[in-house]
Amino acid sequence: MSLPFADLARVDAHDKVRGAIAFAADDARPDLAYGVFAIATIGKGRLTSLDTAAAEEAEGVRLVLTHASLGAIRSAGFIMGGGYGFQSYQPLLSPEIAYRGEPIALVVADSPEAATHAATLVRATYETVPFAVELDAPGIEVIDQAQTPIAHFIPPIAAGDADAAYARAPVQIDAHFASAPQHQNPIELIACVAEWRDGRLVVHEGTQNAEAVRHGLASALGLDAGRIDVISPFVGGGFGQKNSMQGHTVLAAEAARRLGCPVKIVVPRAQLYHLASFRPANRHHVRLGADRSGRMLAAIHEAQAQTSRHDLFPGEYATTSSRLYGIADFRGKDELVRTDAQTPGYMRAPFEHIACFAFESCVDELAYKLDMDPVALRLANDTTVDAVTGRPLSSRHVGRCLERGAQMFGWGRRSMAPQSMRAEDGGLIGWGVAIGTYAGLRAPAVARLTLAADGRVTVAVGVHEMGQGVRTALAAALARKLAVAPENIVAVIGDTRAAPQHLTAGSWGTATAIPVVEAAAEALLAQLMALSSGGGSNREPARILREAGLPELTVEVAGKAPGQPDAIYDRLKAGLPSMAGPVYPDFVTYSYIAHFVEVRVEATTRRIRVPRVVSVADCGRVISPRTAASQVRGGVVWGIGAALREASEVDPRYGGFLNADLAEYALPVNADIGAIDVAFIDVPDTCFNSAGVKGLGEVSMVGVAPAIANAIHHATGKRLRDLPIRIEDLL
Ligand code: MOS
C-alpha cells in the first residue's frame with residue numbers, strides 16, 4: 001500500500017463554519033435548567049455562614065446546592081493519583097475554602113440570566129487564614145519530587161556523573177530562568193449538559209477524556225459506570241484544560257437527578273481560571289558544560305514548580321531537556337512548591353516548552369561564548385542514541401529540520417554580532433533559532449470498522465477531536481486504505497458508547513488511533529477478499545459486499561504500545577491513563593522541531609514584533625498535511641504568546657488569579673502574527689508503529705519561546721530569561 005495521503009480539506013470544516021456542529025453549550029432544548037456558581041471571595045479559610053434564602057426565592061430559581069445540601073458525593077480523585085479529576089479537591093463538599101474562586105454554591109434556574117442573577121444573591125461570611133500563591137512566599141513548603149510517592153512515575157534523570165563532568169568542562173554556562181503561571185483559554189468554555197434517561201446518566205461535555213468523566217462520575221456518585229454515557233464528539237480546544245473530570249460535572253448530574261430535567265452548566269471565562277487546571281509558575285537553574293570545540297559534555301537542570309496543597313502535580317522538566325542532545329552526563333531535579341490554588345496541570349507542551357526555553361537559551365549563550373554559529377553548534381551535538389537510557393532512537397531527524405529550516409529562512413545571510421542587523425526604519429532586527437522535542441507516546445485503542453452495502457464506512461475508536469484534525473486524519477487514512485471517498489467515512493469518536501475512550505493528550509492521538517484503524521481496514525479487506533473468492537482484489541469494497549448478499553461487515557481490532565501487557569486494555573476501559581513511552585523495550589521515541597524566528601525591535605518604544613517564523617518538524621509520517629500544518633501554526637502562536645504575552649497575575653494579598661478574562665490576560669491577536677512557514681521531514685517511523693506516525697501537536701510549541709528570546713538577544717544584546725518578555729525588559 002504505497003498510495004500517497006491526500007491533502008484533504010478539514011472534513012468537518014463546513015459543518016464548523018455553518019454552526020452545524022453542536023457543542024455541549026449549544027444545547028437549547030426548552031426543558032433545560034441552567035446552573036451558575038457563586039464563588040468564594042477569600043484567599044483561603046472557611047465559611048462561617050452561607051445564606052441562600054434570597055437566591056432560592058429569586059424568580060425562576062429551582063434549586064440551590066451547597067455543602068449543607070449536597071449529600072453523599074465523593075471526590076473522584078486526582079488523575080495522577082489513581083483517580084479521574086484534574087484535582088482531588090471537590091468544591092462544595094465542605095465549608096472549607098481552599099483557594100479564591102472556588103464554588104460555594106450552585107444555583108439552578110429556568111434561564112442562564114435568572115441563575116446568574118440569583119448567584120449574586122448568595123451571601124457568605126468567612127473566617128480567613130494565611131495563604132500563599134507565589135513560589136517565594138514566606139514559609140513555603142518545598143518538596144523534593146524524588147522523595148514523594150509519585151517519584152516512581154517519573155524517575156529523576158541521572159545519566160553518568162553530571163556534577164563531576166560539569167566541574168571539569170572548560171566552557172560553562174550557568175543561568176536561571178522563570179515563567180509566570182498561565183491559563184489555557186480555549187474558545188469553547190467549560191460546559192456540560194447532564195440528564196437522566198430511564199435510570200441512565202448521559203453527559204454531553206467537551207472533554208479530552210470522556211472515559212475518565214464517565215468513571216469519575218461513577219466514583220463520585222456511587223453509581224455503576226455501566227449506567228453512565230459520556231459524549232464529546234467535538235471539543236472547541238482543550239490544550240490540557242479538559243483532560244480529566246472537573247468539579248462542575250458531578251454537580252450538574254446531581255442537580256439533574258434532583259430536578260428530573262437536563263441541567264446545563266457553562267462556566268464563564270472569569271470562573272474557569274479557578275475551576276480547571278493551569279500551567280504552574282516555575283523556575284529553573286541550568287548549567288551546561290562544553291569543550292572548546294562546542295561539544296556538550298555535561299548538563300544539570302534543576303526545576304521548581306508550583307503545585308497545590310491537596311495534590312502533587314509531578315514535574316518532568318529535565319525529562320525533556322535531557323533529550324535535546326546526546327549529553328552523556330545529565331542530572332535533573334524537580335521540586336514542587338505547595339501553594340493555595342487549584343491543582344495545576346498539563347497546558348500545551350506543559351514541561352517541554354519551558355524546559356527547552358531554559359536549555360535552548362543556554363545553548364545560544366554557549367554559541368556566543370564560543371563564537372560559533374548557533375545552527376552549526378546544534379548540528380555538532382546531534383545524536384542517534386538516547387543518552388539517558390543508552391537505547392537507540394527509533395528516529396531523529398532534527399538535523400534535517402535545522403538544515404531545511406536554515407535554507408528556508410535564509411539563515412546564511414545572518415551576521416553573528418548582536419545589534420548588527422538593522423531595519424530601514426532604524427529598528428533592530430534579530431534572528432534566532434532553537435529546537436524542540438516531545439516524547440513519542442502511544443495509548444491502547446480498540447477500533448470497530450463497519451462497511452455498509454451502500455458504501456458508507458463507520459469507524460468507532462478511542463480518540464477525541466479537539467480541533468487538531470483527527471477526524472480528517474482518520475478520513476485520510478481510511479480513504480487511502482479502502483479506496484472510499486472521505487465523505488463516506490463517519491467517525492464515531494469521543495463517545496463512551498462506541499469504543500473505550502482513552503485520554504487524548506500528550507500528542508499521542510494520531511499514533512494511537514491511526515495504526516489501529518489502518519489494521520482494522522486491512523482486516524476488513526482480508527475478509528472482503530475471502531468473500532470475493534477469486535473475483536479480483538481491485539473491486540469496490542461495497543460491491544463485493546452486495547454481491548455476497550451482506551448488508552454490512554464489521555471488524556474489530558485492538559492495538560497498544562510496544563511492551564504493554566494485555567491487561568492494559570482493562571485500564572483503558574476503566575478510564576485510567578494507559579499510555580506508554582517514550583522509553584520502549586527496544587528503543588526510545590521523540591518528535592523534533594526546529595524554529596527560526598525574526599524579531600523586530602522598534603527603536604524608540606522597544607515594541608517587539610515577530611514578522612516571520614519558519615518551523616520544520618519531524619513527526620514521522622504526516623497523515624493529514626493540511627491539519628498538520630495548521631497544528632504547527634497554532635503551536636507557534638502559542639509560543640509567541642508564552643514568550644511575549646501570557647501571564648496569570650497573582651497578588652499575595654488576595655489569592656486566586658486576578659486577570660481572569662480575555663481583556664486582561666494578554667494573548668497574541670491576529671495582528672501580532674506574521675508569516676509562519678511550515679515544512680515536514682515526513683519520514684515514517686515504522687519502528688514506533690505500523691503507520692509511522694509520531695506526535696505533532698505539542699512539539700509544535702516547543703522551542704518557539706527560546707528562538708524568540710535568542711532573536712531578541714541577537715537584536716539587542718540582552719539575554720532575557722524570565723517569561724513573558726515585555727517592552728519594559730528592553731528599556
Ligand atoms: Mo495536552 S497539554 O497533553 O492536552
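Author: One term comes up below: a residue is buried if 20 or more other C-beta atoms lie within 10 Å of its own, exposed if 12 or fewer, and partly exposed in between. The model is predicted.

Reader: What mean pLDDT does the protein chain have?

Author: Of the residues in this predicted chain, 98% reach a pLDDT of 70 or more. The model also scores ipTM 0.97 and pTM 0.97. The mean pLDDT of the protein chain is 96.

Reader: Is Gln419 buried, exposed or partly exposed?

Author: Gln419 lies in the loop between helix 11 (398–409) and strand 17 (428–439). Within 10 Å there are 16 other C-beta atoms. Buried needs 20 or more and exposed needs 12 or fewer, so with its count of 16 Gln419 is partly exposed.

Reader: Which residues does Gln419 touch, leaving out those up to four places away in sequence?

Author: Glu352 is 67 residues from Gln419 in sequence, and their C-alpha atoms are 29 Å apart in space. The residues in contact with Gln419, beyond four places in sequence, are Leu428, Ala715, Thr716 and Gly717.

Reader: What radius of gyration does the protein chain have, and does it agree or disagree with a compact globule?

Author: The C-alpha trace spans about 80 × 75 × 50 Å along its principal axes. For 731 residues, a compact globule would have a radius of gyration near 27 Å. The protein chain agrees with this, at 26 Å.

Reader: How many residues are in the largest nonpolar core?

Author: In soluble globular proteins, nonpolar side chains tend to be buried together. Here 57% of the 731 residues count as buried. Val461, one of the residues with the most contacts inside the largest nonpolar core, touches Ala445, Ala447, Ile493, Ala499, Ala513, Val516 and Val517, not counting residues up to four places away in sequence. The size of that core is 234 residues.

Reader: How many residues of domain 2 are in contact with domain 1?

Author: The domain assignment gives domain 1 as 31–129 + 190–266 and domain 2 as 142–182 + 279–440 + 585–730. Their centres, taken over C-alpha atoms, are separated by 37 Å. On the domain 1 side, the residues touching domain 2 comprise seven nonpolar, seven polar and two charged. Those 16 residues of domain 1 meet, in domain 2, a set of 19.

Technical notes:
Residues are numbered from 1 along each chain as its sequence is written. The radius of gyration is taken over C-alpha atoms; the globule rule is 2.2 Å times the number of residues to the power 0.38. Domain bounds come from an automatic or database domain assignment. Two residues are in contact if their C-beta atoms, placed from the backbone, lie within 7 Å. Ala, Val, Leu, Ile, Met, Phe, Trp, Tyr, Cys and Pro count as nonpolar, Asp, Glu, Lys and Arg as charged, and the others, Gly among them, as polar. A nonpolar core is a set of buried Ala, Val, Leu, Ile, Met, Phe, Trp, Tyr and Cys residues joined through C-beta atoms within 7 Å. pLDDT is the predictor's confidence in each residue, from 0 to 100. Helices (H or I, at least four residues) and strands (E, at least two) are DSSP runs, numbered from the N terminus.
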